[in-house]
Amino acid sequence: MKLNFMGISVRHEDSFMIERPVGFGDNLLLIFLTDAIVWKGEVQTAVGPGSFMVYRKGSEQKYGAAGKTYANHYIHFEGDEEMMDEIGLWTDTPGYLQNTEEIENLLRLLSREQISDEDYHQENESLLLQLIIRKMAENQCEQKSDRRENKHLEELTALRSEMYSTPGKFRSISELAGAVNLSLSYFQALYSDYFGVSCYEDLLNARMKSGREFLINSEMSVREIANLCGYESDTCFMRCFKKREGMTPTEYRNSRNRILMKIL
């Protein structure tokens, strides 16, 4: 293996994002030190500190900040593709490290070799790089369960319950993200990861659910119901309702009333 260049604890602002459709011309190892977002095609995934990505040469690279700051370690290197396959290293998909301290100690050694002018420093670089890749494969795991992620899950679960009980309280996805003090992009990625549905789609589901209940169980006007469900106007509510339910709110209310009359 050959080290091209590397960076340790590199920091950027909250607007930081890298987008390379065909990579950088070599392999790239990233170890995230802060919350971040990675993309694979149109799918975005929220990752936290201790997560990593190994992009193979030629693979799309798209990742960036999720909060107020962003930091990572990175290594650009020429790799042994067969060795990475043989040891089962995850590539082009996020992974998590059980022991980041061990990897960071090796990274510091590699960084010192990079600036050394001693004999055999290139051979040492290659050996350390191979050891880092092997150690990463040894302690990678599918998911990282820590207090930070548990806290987010608890907060988002409570927020989702509140959204379904009072959808009119939240007029936008930005308001939902603000309620748990997360950036919009990171909030959306976390929400999809935890609940298997986009926040936007879930908010629409919550609004429609409340709309149907109000239409059946109350005598409120469509305009009043639209407001309680979080819509700026009854026209917008009626358009969305018909698109999802196949009939206008009034038609839905009348059809349910006819069914009830038959039962009675």
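1. In this predicted model, the lining of the second largest pocket draws its largest share, 4 residues, from helix α7. The elements that give two or more residues to this lining are α7 (199–217) and α9 (234–245). The space inside the pocket amounts to about 170 Å³.

2. The residues that line the second largest pocket are Arg171, Ser172, Ile173, Tyr200, Leu203, Leu204, Arg207, Gly230, Tyr231, Glu232, Cys236 and Cys240.

3. The buried residues of α7 are Cys199, Asp202, Leu203, Leu204, Ala206, Arg207, Met208, Ser210, Gly211 and Leu215. Leu203, Leu204 and Arg207, which are buried residues of α7, are also among the residues lining the second largest pocket.

4. With 12 residues, α6 reaches 16 Å from its first C-alpha to its last, close to the 16 Å expected at 1.5 Å a residue. Its buried residues are Tyr186, Phe187, Ala189, Leu190 and Tyr191. After α6 comes Gly196, with a positive phi near 70°.

5. The structure holds 13 aromatic pairs. One of them joins Tyr191 and Phe195 in an edge-to-face arrangement, with 4.8 Å from centre to centre and 65° between the planes. Both residues lie in helix α6 (residues 184–195), where they are 4 residues apart, about one turn of the helix. Tyr191 has a relative accessible area of 1%, and because buried means under 20%, Tyr191 counts as buried.

6. A further pair is formed by Tyr231 and Phe237. How are the planes of Tyr231 and Phe237 arranged, and how far apart are the ring centres? The centres lie 5.4 Å apart and the planes meet at 55°, so the pair is tilted. Tyr231 counts as buried at 4% relative accessibility, and Phe237 counts as buried at 0%. Tyr231 also belongs to the lining of the second largest pocket.

7. Aromatic residues also form a group: Phe16, Phe32, Tyr55, Tyr63 and Tyr70 make up one aromatic cluster.

8. Charged side chains are placed over aromatic rings as well. Arg160 lies over the face of Phe195, at 4.6 Å from the ring centre; Phe195 is the partner of Tyr191 in the edge-to-face pair. The charged end of Lys62 sits over the ring of Trp39, 4.9 Å from the centre of that ring.

9. Two backbone angles should be noted. Most residues other than glycine have a negative phi. Asp92 is not a glycine, yet its phi is positive, at about 60°. Asp92 is found in the loop between α1 (81–86) and β9 (95–97). Tyr120, likewise a residue other than glycine, has a positive phi near 70°.

10. Where is Tyr120 found? Tyr120 is in the loop between α2 (100–114) and α3 (121–139). Is Tyr120 buried or exposed? Its relative accessibility is 60%, and because exposed means over 50%, Tyr120 counts as exposed.

How values were computed: Residues are numbered from 1 along each chain as its sequence is written. This is a predicted model: local features need pLDDT of at least 70, side-chain atom pairs count only at pLDDT 80 or more; totals for chains, interfaces and linings use all residues. Side-chain values use heavy atoms; hydrogens and water are left out. Buried means under 20% relative accessible area, exposed over 50%, partly exposed in between (1.4 Å probe, protein chains only). On a 1 Å grid over the protein atoms alone, a cavity is a set of points where a 1.4 Å probe fits but cannot get out, and a pocket is an open set with protein on both sides within 12 Å along at least five of seven lines; lining residues have an atom within 4 Å of a point. Grid points are joined across faces, edges and corners, and a volume is the space filled by probe spheres set on the points. Rings of Phe, Tyr and Trp (its six-membered ring) pair if their centres lie within 6.5 Å; planes under 30 degrees apart count as stacked, over 60 as edge-to-face and the rest as tilted. A charge sits over a ring if NZ of Lys or CZ of Arg is within 6 Å of the ring centre and within 35 degrees of the ring normal. The expected span of a helix is 1.5 Å times one less than its number of residues.
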